[in-house]
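Trainee: Could we go through this model term by term, setting each value against its definition?

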Amino acid sequence: MHHLLEKELATFESRTPSSRAALKKAEPRLPLGVASNFRSYEPWPLFVKDAKGSHIHDLDGNEYIDFNLCFGALMAGHCHPAVVDAVKQRLEIGTMYGMPHTLEYELAEEICTRFPLEQCRFGSSGTEVTMHAIRLARGFTGRDKIIKMEGGYHGVHDSVMVSMKPSADLYGDPEHPTQVPAGGGVPADTVKNTLVAQFNDLEAIKRLFAANPGQIAAIILEPIMMNIGICMPVEGYLEGLREICTKEGALLIFDEVKTGAKLGRGGACEYFQIQADIVTLAKSIGGGFPLAAFAANKAVMDMIAQHKVFHAGTYATNPLVMAAGLATFHHVLTPEGYAHIAKIGEALVAGYRQIAQKAGIEGYVESAGANGALLFYDHKIRNYRDWLQVDTDLWKLYWFGMVNRGVMPQPYWWDEQWTLSVAHSMADIDRHLSAFEELAPSIAQAQQESTVQTV
């Protein structure tokens, strides 16, 4: 471990003893002491006391400007007034019905108008709706197999728990990646039906269809791969996938759990001018509440209407959540909201690039809509295997160094990215950049010393 990282870790530990104590108290009852594996990291995760707007406080009272925003689920920021008010009004007239109500149509109309697709159904999480999207594609096509991208994340149901983060000793030939279960409990027969290709490799997709004629129901992918920082599609890639699916009678599923609200009004379909067959949405469409949706054209969704594919859920269209979603669409995901985020995003990216260049940091900044990331590579990554070359100690120096300076630059883990919200101000951006400017010489020094040691 580099001595500069050791210094930042020691500072983190001295500032956050209450988080350590909270973790120790929770460990006997919660595996890893947390409620989701992604929230666990060493030496211990920050435990949050409260949050409002763009700021959070930990249990020790330390304040942070939050660019984590619940792994990108809070483009509204914390406790957006319009969202809070909408939910408060619903609290007085019923928290759950398990019966139809008019908010269902209102939100479905909003989603189908924006993307545009003809019909949608709702769920409570990204995992849930990607699961339903895949089942729907299989029911519609009468085929069992799907293609996902190596390193791609689509939630934690069995069909997509394949080659999520495969190790180099297991993932095989780059032109024919091995299907690697993400952990125990994933049936071998499920793994067989989830084929794997590298992102940005159209020839690999063609080979899979040629080797499995008439068997592939769908391709599912994030149109911008956001489980490896930010990896953009190369020119013609998404268009090529669209052409292949149309030719082969398979469905193209855009997992827009991360991109759906944050690239613009119509998500990646609008951003890249590509029409997907099924779109899945979650995270920022709920304004801080567990809202998710999957949408498609009527011919596909008719599989549900005709009782050929089953969809249900007690918590689907919970009126509190639907009210939060409508408030988010009406007061956050607006032209004004997107314009604000574009403005502060441009300032943040420009500042990062200027500071990194001045300090001599080798790397680049990638951004799209409300998301961005500092990536420590000498060239733009194209796929998961490129991303695997990340210097994790260098990234930890960046993350803990920023946190110690009062800025949560992104979620912990080097495969994540920052999220901007309508609650962030230009002053928040200035403080973010000031923290990075203070830390940048240490990052450059550590990077240079690491390079010398490697040589």
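**Sheet, rings and backbone**

Mentor: An open sheet of 7 strands runs in the order 4-12-11-10-9-5-8, with mixed pairing; strands here are DSSP runs (E, at least two residues) and helices likewise (H or I, at least four), numbered from the N terminus. The model is predicted, so local features need pLDDT of at least 70 and side-chain atom pairs count only at pLDDT 80 or more, whereas totals for chains, interfaces and linings use all residues. Residues are numbered from 1 along each chain as its sequence is written, and side-chain values use heavy atoms, with hydrogens and water left out.

Trainee: Why is the pair of tyrosine 412 and tryptophan 414 called edge-to-face?

Mentor: Among the 24 aromatic pairs found in a search of the whole structure, this one has ring centres 6.2 Å apart and planes at 70°, so the pair is edge-to-face. The rule is that rings of Phe, Tyr and Trp (its six-membered ring) pair if their centres lie within 6.5 Å, with planes under 30 degrees apart counted as stacked, over 60 as edge-to-face and the rest as tilted. Tyr412 and Trp414 also belong to one aromatic cluster, whose members include Phe12, Tyr41 and Trp44.

Trainee: What makes lysine 165 count as sitting over the ring of tryptophan 387?

Mentor: Its charged end is placed over that ring, 5.1 Å from the centre, and the definition asks for NZ of Lys or CZ of Arg within 6 Å of the ring centre and within 35 degrees of the ring normal. Arginine 385 likewise lies over the face of tyrosine 171, at 3.6 Å from the ring centre.

Trainee: Why is serine 163 called buried, and why is histidine 307 called exposed?

Mentor: Serine 163 has a relative accessible area of 0% and is therefore buried, while histidine 307 reaches 72% and so counts as exposed; the cut-offs are under 20% for buried, over 50% for exposed and partly exposed in between (1.4 Å probe, protein chains only). Phi is positive in each, near 50° for serine 163 and near 60° for histidine 307.

Key
Two strands pair if DSSP finds at least two bridges between them.
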